[in-house]
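Subject: Structure handover

Hello,

Here is the structure you are taking over. Please look at it first; notes on what was found follow below.

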Amino acid sequence: MATVCFTKPHHVSANNNHCSSIFLCCFLLSLLSNAASSYMFSDEKRDDLFPEILRDEAVTRLNDLGKVSDADGYLERMFMSPASVRAASLIREWMEDAGLRTWVDLMGNVHGRVEGMNASAGALLIGSHSDTVVDAGIFDGSLGIISAISALKALKSAGKLGKLKRPVEVIAFSDEEGVRFQSTFLGSAAVAGILPATVLQISDKSRVTVQDALKENNIDIAEENLLQLKYNPASVWGYVEVHIEQGPVLEWVGFPLGVVKGIAGQTRLKVTVRGSQGHAGTVPMAMRQDPMAATAELIVLLESLCKRPKDYLSVDSHCDGSTLESLSNSLVCTVGEISTWPSASNVTFTIDLRAIDDKGREAILYELSNRMYQICESRSVSCNIERKHDANAVMCDSELSSQLKSAAYGALKMMTRESKHEVPVMMSGAGHDAMAMSHLTKVGMLFVRCRGGVSHSPAEHVLDDDVWAAGLAILAFLDTHM
């Protein structure tokens, strides 16, 4: 992508300056328009591109799934909620329409499988998640599921579904976001065999456990049969996931698709600060044990440490110079939820901390915990820090990534009928089901451009033709397994 730099002369009249500004704005708009149009795909109906299935029907299904919600006026679909069950039924119907054999497992994951010509070969798994955050967009998770189903339906319509040389299975995972039980990857971790049995007893805010939520939907699971969900690694060839980028890079470079080379590691903490209630007008300031004030200081500490890790960490045997540099470029932290109960004596908040470097992430967590305990002690309040979720950074398989890159390039070349620049290769700062699945098999990921890099929001948006590009790339990838 060419970079154009503009410089303004030192002596320019106000009139000329105004005209120059207009010219520059028009020129920039022209560049943006050309960049966009160069990657917008022809509306010509070419049979080999399956636009009716990969674009038109896929977009309709994304919108239909986006209407399946537990809330009025916005999208919310949590693990084993009534809307999630309705969504699972819809996804299963679409899988069967694509010629797949379907079932729902003991963790509520929806599976659709075709055996191909060799049912005993290692299976290619393609998946993403069907749950959402609160007030969500319609593409996060759902795009990966629908793109895979659409690609297989295109094969079916061409009479090629049975010619796959290995089984292909699409999985719509029941939980990735972790909103209801604050424990991410329930669905994919179960399939990968890394979900601890104790997770079944985790409660939501209504004190309903994971096990209870499943039983409410006629899924009877006990700790002793949780491991039945684990796939035999020998039966799996690899895992592929399509997902919106959730960032602005692809839009910035003007490319619909990108290949993911790795995913940042993530830790989620639950912090509980306990103080003492006191009358607002009678307890002297020096004697107050205010957990809210302590919490405010802890949150400011978190922000400062994550913005400037070099100010808090020193180079030693646990943290070398390259780790510090990596943290400075990749470390992100945020507070997700804050609640007080009862009244103002207890404050609970959650922390989400991510970094590409696992060693650096542990160093940050150690430093953060020590300093948080010191603040709480100085304020005469207690502080309890629980690690609710840990996921190490994951590097995608080079073979899979190379195949996905070729498939993406080929798809875009077919759609535009011209050669394009090399498909971007990028890191993911967001967590994905591929992180859990990496414990089972090799993984690869394909990112799809989203407008403004906005995700987890109703403003989340993917161009119809980019949905088409994603489906065609998966179709081209499947073509290597025929």
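Leaving aside its neighbours within four places in sequence, which residues is His 243 in contact with? They are Ser 128, His 129, Asp 140, Gly 141, His 432, Met 445, Leu 446, Phe 447 and Val 448, where contact means heavy atoms within 4.5 Å. His 243 lies in strand E5 (residues 236-244) and has a relative accessible area of 1%, so it is buried. Buried means under 20% relative accessible area, exposed over 50%, and partly exposed in between, with a 1.4 Å probe and protein chains only.

Before the rest, two remarks on conventions. The model is predicted, so local features need pLDDT of at least 70 and side-chain atom pairs count only at pLDDT 80 or more, while totals for chains, interfaces and linings use all residues. Residues are numbered from 1 along each chain as its sequence is written, and side-chain values use heavy atoms, with hydrogens and water left out. Helices (H or I, at least four residues) and strands (E, at least two) are DSSP runs, numbered from the N terminus.

The sheet. An open sheet is formed by 4 strands in the order E8-E9-E7-E10, with antiparallel pairing; two strands pair if DSSP finds at least two bridges between them. Strand E8 (332-340) and strand E10 (382-391) are the edge strands, each pairing on one side only. Strand E7 (residues 265-274) and strand E9 (residues 346-355) are joined by 10 bridges. Val 271 stands opposite Phe 349 in E9. Helix H10 (residues 358-378) packs on the sheet and touches E7, E9 and E10; its direction makes about 165° with that of E10. Axes are lines fitted to C-alpha atoms, for helices over the stretch in contact, and angles run from 0 to 180 degrees between N-to-C directions.

The cysteines. The count comes to 1 disulfide, a disulfide being a pair of cysteine sulfur atoms within 2.5 Å. Cys 306 is joined to Cys 333, S to S 1.8 Å. The torsion about their S-S bond is about -80°, so this disulfide is left-handed. Because Cys 306 lies in helix H8 (residues 291-307) and Cys 333 in strand E8, the pair ties together parts that are 27 residues apart in sequence. Cys 306 is buried at 11% relative accessibility, whereas Cys 333 is partly exposed at 23%.

Backbone. Met 80 is not a glycine, but its phi is positive, near 60°. Met 80 sits in the loop between helix H2 (51-66) and helix H3 (82-97).

Regards
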